[in-house]
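Visitor: I am new to this structure. May I see it, and may I then ask a few questions?

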Amino acid sequence: MKAAYKPNREKGIKIVDVPIPEIAANEVLVKVKKAAICGTDIHLYDWTNWCENVEAKNPMIIGHEFCGEVVEVGAQVTSVKAGDLIAGETHIPCGKCILCRTGRQHICKDMKILGVHTDGVFAEYAKIPEICAWKLLPGTPPEIGAIYEPFGIAVHGVLRDKVAGLSTVIVGAGPIGLFATNVANISGARQIFVLDVNEYRLKLANKMGDNILTLNSKKDEVAKIISEETEGRGADVVIELSGSVEGTRTAFEVLGKGGRISLIGLHSREVPLDLVNNVIYKEATVYGITGREMFNSWYQTENLVKTGKLNIKEVLTHEFSLEEVEKAILMAKEGNCGKVIIAVE
Ligand SMILES: [Zn+2]
Ligand SMILES: [Zn+2]
């Protein structure tokens, strides 16, 4: 089969022919239909320090966001069968540690990540453990199935606490920020402010609902505008997705007293922050959000998709073939795009 393969720790990716994976008793073989590019794939492509920090596999097949059809299941697999359309959960939990045994598999002590610690899905076929196969409703468009995983992060961050009737700030309008905007909107956020420096993405953010004010953090006086628009109270809810030091400082600055903030974006360095004024005196609630709750976020995602009210198709701006993975990664890195899809089948 064809696969997007990382042969070494050098920058780049190669399309090579490799054997179709053989599955174990608890695994599922999937024929990949569509996949999507994530920030993680850019790290793997460039082989940044992050890859060494998380001990990413090398050499390996990259990619983790995907949708496909089950073609074969291991002897112990009972929850899916050949012919099922599935999306992939990318947390691979051990199932045995205290976190797994107390409903927090997504932060398993010994967690592996699909396409980071195991061979990934930018390939004609991929194998995943049964627990990572999320059965989609028949007829789900494969490009929508392929973004359940990143969409689920937005769901997790936005719905971690109340949002209905509350003013909400989304910092960072990348694909997950756009999904978060859409989730906040259909979940009843009173007013949504979306912050970014990329005009292309701010324009996309305007398509994510009907009560959205986009602000360019480089040009607009963000804190002043949000304060005015909220009658001096500041935001009730902030979702931080920029992963930048500046963005995160702004996120805490615009957060109102008694507000809550979900931190999702990953920083490449420490963030200097005045905790006294930004957290303690505000009595702010700070949530760290990593990936999706297994499987609360998945059920919520499915329910939201079923409403038919999401605009997430608008976020899927570009599509490339498997042979064009490099082009797709470079496009995602450059940033004038929403979610970049890989059509494998
Ligand atoms: Zn991802
Ligand atoms: Zn575990």
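Guide: A residue is buried at under 20% relative accessible area, exposed at over 50% and partly exposed in between (1.4 Å probe, protein chains only). This is a predicted model: local features need pLDDT of at least 70 and side-chain atom pairs count only at pLDDT 80 or more, while totals for chains, interfaces and linings use all residues. Residues are numbered from 1 along each chain as its sequence is written, chains are lettered from A and ligands numbered from 1 in the order in which they are written, and side-chain values use heavy atoms, with hydrogens and water left out.

Visitor: How many of the ten residues of helix H9 are buried?

Guide: Helices (H or I, at least four residues) and strands (E, at least two) are DSSP runs, numbered from the N terminus. H9 covers residues 245-254, and its buried residues include Val245, Phe252 and Val254. The helix is largely enclosed by the rest of the structure, because the number of its ten residues that are buried is seven.

Visitor: Is Ile280 buried or exposed?

Guide: Ile280 is found in helix H10, residues 275-280. Its relative accessible area is 53%, so Ile280 counts as exposed.

Visitor: What is the site of the zinc ion (ligand 2), given the angles among its four donor atoms?

Guide: Donors are N, O and S atoms within 2.8 Å of the metal (3.2 Å for Na, K and Ca); water is not among the atoms, so sites may look incomplete. Here the SG atoms of Cys94, Cys97, Cys100 and Cys108 coordinate the zinc ion (ligand 2) at 2.3 to 2.4 Å. Four donors count as tetrahedral if all angles lie between 85 and 135 degrees. The angles at this zinc ion are 102 to 117 degrees, and the site is tetrahedral.

Visitor: Why does Cys108 count as buried?

Guide: Cys108 is one of the residues that coordinate the zinc ion (ligand 2). Cys108 counts as buried because its relative accessibility is 6%.

Visitor: How many residues apart are Cys38 and His64?

Guide: Cys38 (SG), His64 (NE2) and Glu65 (OE) coordinate the zinc ion (ligand 1) at 2.1 to 2.4 Å. Cys38 lies in the loop between strand E3 (27-36) and helix H1 (39-46), and His64 in the loop between E4 and strand E5 (65-73). The pair links distant parts of the chain, and its separation in residues is 26.

Visitor: Which residue in E4 is the bridge partner of Tyr5?

Guide: Two strands pair if DSSP finds at least two bridges between them. Strand E1 (residues 2-6) and E4 pair in the antiparallel sense over two bridges. In E4, the partner of Tyr5 is Ile61.

Technical notes:
Tetrahedral: all angles 85-135°; square planar, octahedral: opposite > 155°, others 65-115°.
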